[in-house]
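Me: I have a model open here and want to go through it with you. Can we start with the sheet, then move to helices, rings and charges?

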Amino acid sequence: MTEETQQPEPASGERLPSVTVGLFGPRRLVKTMAEVGQEVAERSVPGVRFVTGGYDDLSEAEERYLRLRDRIDSAVFPGPWAFDLATTGHWLTVPSTHLPLTGAALYAALLRASLTIKDVDLTRVSIDSLSLADVAEAYDEIGLDTTQVYDVPYEGPESVEGFAAFHKEKYERQHTTVALTTILSVERDLRADGVPVLRIAPTRSSVRDALETAVLLGQGTRMGAHQLAMIAVQVIPSRAESGDYWQQELALSTHQKLLSEARQVGASVTRRSDTLFLVTTTYGALVRLTEQFTVAPFLGALTAQLGVPVAVGAGTGQTARAAEANALLAVEESVAAGGKVAVYLDGGSDRLDLEPGPATTDAAPVDSASPIDQRALEIVTSIASAMSPAPGRQVVVDVESVASIMQVTQRTGRRMLKELVDAGLAWPLPPARSTGGGRPRQQFRLLTEKLD
């Protein structure tokens with residue numbers, strides 16, 4: 001269960017946007033973070049909501065985060081290890097911070113050790129994660145000698161693997177009387193091996209500072225996320241792949257695949273020509289599509305699915321015209337690079353080259369066991385049978401013809417066509433020009449080849 005604490009909405013006239021902050025870490029620590037968050041919101045930051053993603057083991061951290069990612073504007077992690085794993089694992093989607101571990105946290109751990117562990121000698125201790133400077137400063141403050149205090153600082157995720165062995169070796173050699181760790185899994189391993197151990201926990205003051213930082217990060221996200229963004233997608237066909245029919249087929253395929261991708265972030269797709277498409281979205285959605293500007297949106301997937309090179313350019317701006325201009329300039333840069341990278345321009349002096357993401361394949365085939373997909377198959381089969389197309393001929397229908405064939409109202413026919421499009425069994429064609437005036441008729445091509 002995800003606990004949620006909601007604060008009152010900002011008073012009338014409050015300019016700062018409401019913010020949702022995700023709190024992640026071991027359950028006991030997250031409970032403390034939520035309590036401090038309540039104090040922060042009540043004291044000085046109205047309109048803040050905290051949602052918690054506590055876990056029992058770090059292996060659950062990604063799943064807990066992904067469950068909440070679409071609801072949060074910023075995040076707080078329990079320490080640098082979890083934060084680095086989220087960053088290097090490319091599943092971090094919002095600005096984030098972590099609880100600092102300093103000498104202040106060490107004071108509390110030493111006090112608890114003196115009160116709870118029999119015959120403990122605080123001058124014979126092994127400590128992980130904290131820097132040598134923080135340990136020396138803390139011991140100097142309380143007037144204790146550090147000659148037999150052993151410390152291994154955190155130097156990246158790989159350094160954590162040696163923490164348990166470090167503490168155990170010092171204790172077995174009788175160099176230490178207690179181990180102090182910041183890592184829950186290390187604490188469990190040492191306790192199972194009979195090593196006296198306590199976990200260094202951040203102070204409430206440190207938690208408060210981190211939460212206030214996260215609120216500021218979230219407010220920046222909310223204010224900047226609504227900035228307009230454009231993504232220009234340019235198909236780069238070779239000379240051998242020319243011809244009006246082939247161009248039309250390629251344009252339809254590109255449009256359909258872009259619609260499928262853009263739907264996931266609420267973006268819209270406009271076809272400028274047979275080879276150029278514009279995706280209109282927001283800066284916040286662009287951040288999600290690019291995974292914090294680490295991978296190119298659409299590039300790898302479209303190139304693999306279409307079988308031709310694709311160039312992608314992204315741009316942002318305060319107006320649609322500015323965002324479009326930056327996107328079109330960026331896609332020209334991507335074309336010049338042969339579509340090997342996507343280019344992002346924000347109108348400033350900075351340019352980002354984004355490498356293609358995983359070359360995903362086409363959408364998964366229709367699963368006949370699914371009630372929705374089975375219904376779509378039945379609809380398209382019935383329509384195709386009634387049309388009796390000649391071998392090799394395309395089946396093109398509109399709302400009126402579907403309603404007539406299926407003997408339903410036009411409203412139901414329109415809904416059936418939407419089901420076919422969602423199931424990947426129909427493509428919306430560009431509206432045909434109307435010679436008599438009025439609204440052009442929307443036609444759809446049935447993908448009867450998927451019935452084979």
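Me: What is the strand order in the open sheet of 7 strands?
Reply: The order is β11-β12-β10-β14-β15-β16-β13, with mixed pairing. Two strands pair if DSSP finds at least two bridges between them. Helices (H or I, at least four residues) and strands (E, at least two) are DSSP runs, numbered from the N terminus.

Me: Which strands stand at the edges?
Reply: β11 (268-271) and β13 (295-296). Each has a single partner strand, so one side of each is left without a neighbour in the sheet.

Me: Is this a predicted or an experimental model, and what are the ground rules?
Reply: This is a predicted model: local features need pLDDT of at least 70, side-chain atom pairs count only at pLDDT 80 or more, and totals for chains, interfaces and linings use all residues. Residues are numbered from 1 along each chain as its sequence is written, and side-chain values use heavy atoms, with hydrogens and water left out.

Me: Back to the sheet. In which sense do β10 and β12 pair?
Reply: Antiparallel, over 7 bridges. β10 covers residues 228-235 and β12 covers residues 276-282.

Me: Which strands does α11 lie across?
Reply: Helix α11 (residues 299-306) lies across β10, β13, β14 (310-317), β15 (342-345) and β16 (351-356). It runs at about 150° to β14. Axes are lines fitted to C-alpha atoms, for helices over the stretch in contact, and angles run from 0 to 180 degrees between N-to-C directions. Contact means heavy atoms within 4.5 Å.

Me: New topic, α5. Which of its residues are buried?
Reply: In α5 (residues 132-141) they are V135, A138 and Y139. Buried means under 20% relative accessible area, exposed over 50%, partly exposed in between (1.4 Å probe, protein chains only).

Me: Why do they count as being on the same side of α5?
Reply: They cover an arc of only 95° around the axis, which puts them on the same side. The arc is that of the directions from the helix axis to the C-beta atoms.

Me: And what covers them?
Reply: The cover includes α4 (103-116), β6 (125-129) and β7 (149-153). The face turned away from the buried side carries exposed A133, D140 and E141. After α5 comes G143, with a positive phi near 70°.

Me: Now the rings. How many aromatic pairs are there in the whole structure?
Reply: A search finds 7. Rings of Phe, Tyr and Trp (its six-membered ring) pair if their centres lie within 6.5 Å; planes under 30 degrees apart count as stacked, over 60 as edge-to-face and the rest as tilted.

Me: Is the pair Y65 and F77 stacked or edge-to-face?
Reply: The ring centres are 6.1 Å apart and the planes are at 25°, so the pair is stacked. The pair links distant parts of the chain. Y65 is in helix α2 (residues 61-68) and F77 is in strand β4 (residues 74-77), 12 residues apart.

Me: Are those two buried or exposed?
Reply: Both are buried. F77 has a relative accessible area of 2%. F77 also pairs with F83, edge-to-face, at 6.3 Å centre to centre and 70° between the planes. Ring pairs link F24, Y65, F77, F83 and W91 into a cluster.

Me: Charges next. How many salt bridges?
Reply: The structure holds 14. A salt bridge is a side-chain nitrogen of Lys or Arg within 4 Å of a carboxyl oxygen of Asp or Glu.

Me: What does E39 bridge to?
Reply: R204, with the closest N and O atoms 3.0 Å apart. E39 is in helix α1 (residues 27-43) and R204 is in helix α8 (residues 204-225), 165 residues apart. E39 is partly exposed at 34%, and R204 is partly exposed at 35%.

Me: Where do E187 and R191 lie?
Reply: Both are in helix α7 (residues 184-192), 4 residues apart, about one turn of the helix. E187 is buried at 14%, whereas R191 is partly exposed at 47%.

Me: Which residues join into one network through shared partners?
Reply: E35, E39, R204 and R208.
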